[in-house]
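Subject: Structure handover

Hello,

Here is the structure I promised to pass on to you.

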Amino acid sequence: GPTVGILALQGDVREHAKAIEDCGARAVSVRRPSELATVSGLIIPGGESTTIDKLSRIFGMREPLQEAIAAGLPVYGSCAGMIMLANDIADPATDLSGQPQQTLGGLDITVRRNAFGRQVDSFETELDFQGLAPAGTPETPLHAVFIRAPWVERVGEGVQVLAAVKAPDAAQNARIDSEVRAVAVRSQHLLATSFHPEVTGERRIHELFIRMIRGDA
Ligand code: GLN
């Protein structure tokens with residue numbers, strides 16, 4: 001199978017590596033530009049987007065990552081990784097010197113961080129997810145774990161919504177003003193989920209990503 005890099009600056013790197021290996025592909029940690037150059041796809045794990053942002057600059061990875069995304073490297077971001085791929089953050093954090101956090105960008109979406117609110121820090125739900133079942137077989141729901149997750153507030157042209165949650169799943173959050181929020185999106189070679197398939201034993205998202213790397217999806 002293909003070699004898939006896991007961006008190993010911060011976050012749940014091991015869980016993604018295990019998921020990739022369960023799918024029959026090879027997983028390698030990526031911390032340096034030379035390591036990035038060896039992979040045919042990259043996962044940006046869940047964790048803390050402000051930390052991943054800072055460390056990407058300290059490790060000299062920010063420009064190489066942006067160049068790889070622009071050059072068409074398939075990239076999958078889960079949770080904090082989704083935030084890193086987003087062109088815009090509705091509510092970016094600022095550091096002590098007042099600098100807003102930055103993303104790598106590439107995916108024309110606006111995300112809101114920790115969108116499901118403090119009272120619903122984490123939750124699990126069943127999602128209807130488009131495009132996971134082989135042709136001719138019915139889609140079955142995907143059990144999704146959300147941990148201080150972002151949601152997608154805006155999708156640009158050409159961004160496909162693969163899964164959404166109904167507002168009642170986050171009913172305690174007064175900010176909800178429409179019925180559904182996107183939690184999985186794809187635009188060409190870029191895939192992002194608000195939730196963490198890597199922590200549940202669910203492998204269909206990683207299988208989809210590997211098909212994207214192979215050019216079969
Ligand atoms: N809230 C985190 C952030 O803003 C994301 C949480 C996660 O990846 N589970 O980066």
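A word on labels before we start: helices (H or I, at least four residues) and strands (E, at least two) are DSSP runs, numbered from the N terminus. Residues are numbered from 1 along each chain as its sequence is written. Please keep in mind that this is a predicted model, in which local features need pLDDT of at least 70 and side-chain atom pairs count only at pLDDT 80 or more, while totals for chains, interfaces and linings use all residues.

Let me begin with the ligand. Its shell consists of Gly 46, Gly 47, Glu 48, Ser 49, Cys 79, Ala 80, Ile 83, Arg 113, Asn 114, Ile 147 and Arg 148 (a residue is near a molecule if its C-beta atom, placed from the backbone, lies within 6 Å of it). By type, four of the shell residues are nonpolar, four polar and three charged; here Ala, Val, Leu, Ile, Met, Phe, Trp, Tyr, Cys and Pro count as nonpolar, Asp, Glu, Lys and Arg as charged, and the others, Gly among them, as polar.

UniProt, in an unreviewed entry, gives the annotation "binding site" to Gly 47, Glu 48, Ser 49, Arg 113, Ile 147 and Arg 148. These residues span 102 residues in sequence, yet no two of their C-alpha atoms are more than 13.0 Å apart, so they gather at one spot. UniProt positions are in the numbering used here, feature names are shortened, and annotations may be inferred rather than shown by experiment.

Two of these deserve a look. Ser 49 belongs to helix H3 (residues 49–58) and is buried, with 28 other C-beta atoms within 10 Å. (Buried means 20 or more other C-beta atoms within 10 Å of a residue's own, exposed 12 or fewer, and partly exposed in between, with C-beta atoms placed from the backbone.) Beyond four places in sequence, Ser 49 contacts Ala 80, Ile 83, Met 84 and Gln 101, a contact being two C-beta atoms, placed from the backbone, within 7 Å. Arg 113 sits in the loop between strand E6 (107–112) and strand E7 (122–127). Arg 113 is also buried, with 21 C-beta neighbours inside 10 Å, and its contacts beyond four places in sequence are Ile 83, Ile 89, Asp 91 and Pro 150.

Next, the "active site" that UniProt lists in an unreviewed entry: Cys 79, His 196 and Glu 198. They span 120 residues in sequence, but no two of their C-alpha atoms are more than 11.0 Å apart, so they too gather at one spot. Cys 79 is in the loop between strand E4 (75–78) and helix H5 (80–85), and counts as buried with 28 C-beta neighbours inside 10 Å. His 196 is in the loop between strand E12 (190–193) and helix H6 (204–214); with 23 C-beta neighbours inside 10 Å, His 196 is buried. Leaving out residues up to four places away in sequence, His 196 touches Gly 46, Ser 78, Cys 79, Val 145 and Ile 147.

Finally, strand E8 (residues 142–147). Leu 142, Ala 144 and Phe 146 form its covered face, and His 143, Val 145 and Ile 147 its uncovered one. E7 and E8 run antiparallel and are joined by six bridges (strands pair if DSSP finds at least two bridges between them). Glu 126 stands opposite His 143 in E8.

Best wishes
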